[in-house]
Amino acid sequence: LSAQQLATAAENAKRYPLYNLYAEIQKDLHLRSQINNRMLKSISRAFVIKDKNGKIDQELTDLLNNQNWVYGINKAILETVYNGHSLVELNYENEKLTTTLIPRQNVDPVNGLIFFDYTDDGKKVEYRKQKEYGSWLMEFGDNKDLGLLNGCVPHVLFKRFAQSCWSELAEIYGIPPRVMKTNTQDKTMVNRAKQMMTDMGSAAWFIIDDSESFEFAKGVTTNGDVYKNLIKLSNNEISMGVCGAVVGQDTANGSNAKETASISIVQDLVDSDLTLLEQNWNTTVIPGLVLLGIVPEGVSFGFDPTEDLTELWKMTVQAANFLEVDPTWVKTKFGIEVVGAKKTEPANKLSLSIEDGFFV
């Protein structure tokens, strides 16, 4: 809460505590997997570059689809959904164009500042006033948005708390502590008791006086369901926040219809991410690449609306019943070798005819 308040302060706002927290919670494997499930679906989609006449420039399309720096730009754009902001620097290394994400802890997007050391306010640069801004330096996202991860922070922290408590419970019940009663006033007996307990193993142990007693409190007699339920709730909330649905996790109450509906919701979010990529490329990336002389003026970035091969195959099968489908296109799109149309044999005729009659 303090990190969020510092990031949204009216004066002298600091985002580095919040982004340090974001980096820490992304170590959670469930959160990381949900982000990857959504993000990689968009990054793996092949895009097309169209010329000023709206026709696909296949040569430029193939070239950009095979560039590492394009992946870096796309990743930075999609990460604005989770972090709110990205600032990317383009540079040439070994005669190859590269992309570098400027650490978000060092960037103040509200005031347009880059800090050389985020703990030192003295050394800073107003990056929006630099001549490289818009070409070598590209900015994506909302200046005031803290990103989707802001809502995931409490659930990851509660999940860690539940795991820690469950681990402590497992330690207590898995290897119960050992108790020895002796005369604690006699140092010789106490030393002998210590040696005995040490020699018996590494489990927790303690020595009490023979007039004292030790018992487990009744409140801890549990199998850990309370922690398991808290972890499950946290995972579900993380999934709902990132993917809009719980996909493939509820094995007890899951069903095919539920999973199908959940996958459809995830696909809607992926489509919105694709739209985000198109908008940022056409408004920020391509104008910058034109200034750098990497792409010609007038080109545009987009995705083929028929790239969903599953749905496209269904449409192709349905159309083949009424229309002729180009075999070359089928081979290129689906990788199926088409020799020709399959010949259908006529139905078997009856051996008897009217001329033969029914009687000999």
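Is the crossing of helix 3 and helix 8 left-handed or right-handed? I looked it up in this predicted model. The crossing is right-handed.

**Entry: the helix pair**

I next checked how helix 3 (residues 29–43) and helix 8 (residues 225–243) pack. Their angle is about 25°, and their axes lie 10 Å apart. Angles under 35 degrees count as roughly parallel, so helix 3 is roughly parallel to helix 8.

Then I listed the residues in contact. Helix 3 brings His30, Leu31, Gln34, Ile35 and Arg38. Helix 8 brings Asn235, Ile238, Ser239, Val242 and Cys243. I sorted this contact by class: five residues are nonpolar, four polar and one charged.

**Entry: salt bridges**

I counted eight salt bridges. I looked up several of them.

Asp28 pairs with Lys159, and their closest N and O atoms are 3.0 Å apart. Asp28 sits in the loop between helix 2 (16–25) and helix 3, while Lys159 sits in helix 6 (residues 149–174), so the pair ties together parts 131 residues apart in sequence. Asp28 is buried, at 9% relative accessible area. Lys159 is buried too, at 7%.

Arg128 pairs with Glu139, with 2.7 Å between the closest N and O atoms. Arg128 lies in the loop between strand 6 (124–126) and strand 7 (137–141), and Glu139 lies in strand 7, so this pair ties together parts 11 residues apart in sequence. Arg128 is partly exposed at 30%. Glu139 is buried at 13%.

Lys129 forms a salt bridge with Glu126, at 2.9 Å between the closest N and O atoms. Lys129 is exposed, at 65% relative accessibility. Glu126 is partly exposed, at 37%.

Last, I found a network of salt bridges that links Glu24, Lys27 and Arg160.

Methods. Residues numbered from 1 in each chain as written. Predicted model: local features only at pLDDT ≥ 70, side-chain atom pairs only at ≥ 80, totals over all residues. Heavy atoms only, no water. Axes fitted to C-alpha atoms, helices over the stretch in contact; angles between N-to-C directions. Helix = DSSP H or I, 4+ residues; strand = E, 2+ residues; numbered from the N terminus. Parallel < 35°, antiparallel > 145°, perpendicular 65-115°, else oblique. Left-handed = near helix turned anticlockwise from the far one by under 90°. Contact = heavy atoms within 4.5 Å. Nonpolar A, V, L, I, M, F, W, Y, C, P; charged D, E, K, R; others polar. Salt bridge = Lys/Arg side-chain N within 4 Å of Asp/Glu carboxyl O. Buried < 20%, exposed > 50% of the residue type's maximum accessible area, 1.4 Å probe, protein only.
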